[in-house]
Amino acid sequence: MTKCYIFLPILTLTTLLNGCGGYPRLLSYPFDPGGRSLNSTASELTPQVSGRFIVFTSDRRGSQDVYMFDMVTRSLIDLPGLNSFDAIASHPSISDNGRYIVFAASRQGRTAIFLYDRETRQSRNLTTNLQAEVRNPTISADGSRIAFEYSNNGQWDILVYKTSGQPLNIPQDPR
C-alpha cells in the first residue's frame with residue numbers, strides 16, 4: 001500500500017512535466033556579422049512568424065529593407081524586386097505558404113501598403129487611390145485578405161482588402 005502512495009504522485013508529476021515539453025521552446029539561429037543569417041550586427045525589427053518563415057525589417061545594407069528567413073533551411077531567402085533604395089520598409093507580414101508578403105513603405109514622405117508576390121517577383125501598391133495615412137499591415141494565413149490601419153481625419157480605423165487590391169465591404173458603423 002505504501003508503494004502505491006509513492007508511485008501515484010510520481011506518475012502524475014511525470015505526466016504533467018512531459019505535457020509541458022512541446023511548446024514553447026527556445027530556438028537558436030546563427031549570428032552572422034556579414035548579414036547572411038537571421039541575426040546580424042544591424043537592427044532587426046518587427047519580426048513576424050508564419051509557417052516555416054520569419055519576415056522582418058533590417059538596416060543591414062544601409063536602408064531599411066524587408067528580409068525573409070526560412071526556419072527549415074536556416075537561411076535567408078532572396079526577394080528580388082521587393083526592396084528599393086528610395087523606400088523605408090516596415091511591419092512586414094507573410095502568408096503561411098510564404099508566397100505573399102505585405103508591408104508598409106514610405107517613399108517621398110508618403111506611406112503606402114505594398115503586396116509582394118514571390119511567384120511573380122513583383123510588388124503592388126494596394127493603397128494608390130486611398131487618400132489617408134496607413135500603417136501596420138497584416139495578411140491572413142491563407143493569403144487572401146490584408147488588414148491595415150488607416151486615418152484620414154485623425155481617427156485610426158481598420159480596412160480589409162482582398163489580395164487583388166479590392167476593399168472588402170465591411171460595415172463600419174457600430175450596430
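Two strands pair if DSSP finds at least two bridges between them. In this predicted model, strand S6 (residues 100-107) and strand S7 (residues 110-117) are joined by eight bridges. The two run antiparallel. Within this pairing, Phe103 has Phe114 in S7 as its bridge partner.

**The sheet**

S6 and S7 belong to an open sheet of four strands. Its order is S5-S6-S7-S8, and the pairing is antiparallel. Strand S5 (88-94) and strand S8 (122-125) are the edge strands. Each of these pairs on one side only. From one strand to the next, the twist averages 25°. In general, strands of a sheet pair through backbone hydrogen bonds, either parallel or antiparallel.

**Positive phi values**

Most residues other than glycine have a negative phi. Two residues with positive values deserve a look: Thr46 and Arg74.

| Residue | Phi | Relative accessibility |
|---|---|---|
| Thr46 | near 45° | 27% |
| Arg74 | near 60° | 41% |

Thr46 sits in strand S1, which spans residues 44-50. Arg74 is placed in a loop. That loop runs between strand S3 (65-70) and strand S4 (75-77).

Are these residues buried, partly exposed or exposed? The class of partly exposed lies between under 20% (buried) and over 50% (exposed). Thr46 has 27% relative accessibility, so Thr46 counts as partly exposed. Arg74 has 41%, so Arg74 counts as partly exposed.

Key
Residues numbered from 1 in each chain as written. Predicted model: local features only at pLDDT ≥ 70, side-chain atom pairs only at ≥ 80, totals over all residues. Heavy atoms only, no water. Buried < 20%, exposed > 50% of the residue type's maximum accessible area, 1.4 Å probe, protein only. Axes fitted to C-alpha atoms, helices over the stretch in contact; angles between N-to-C directions.
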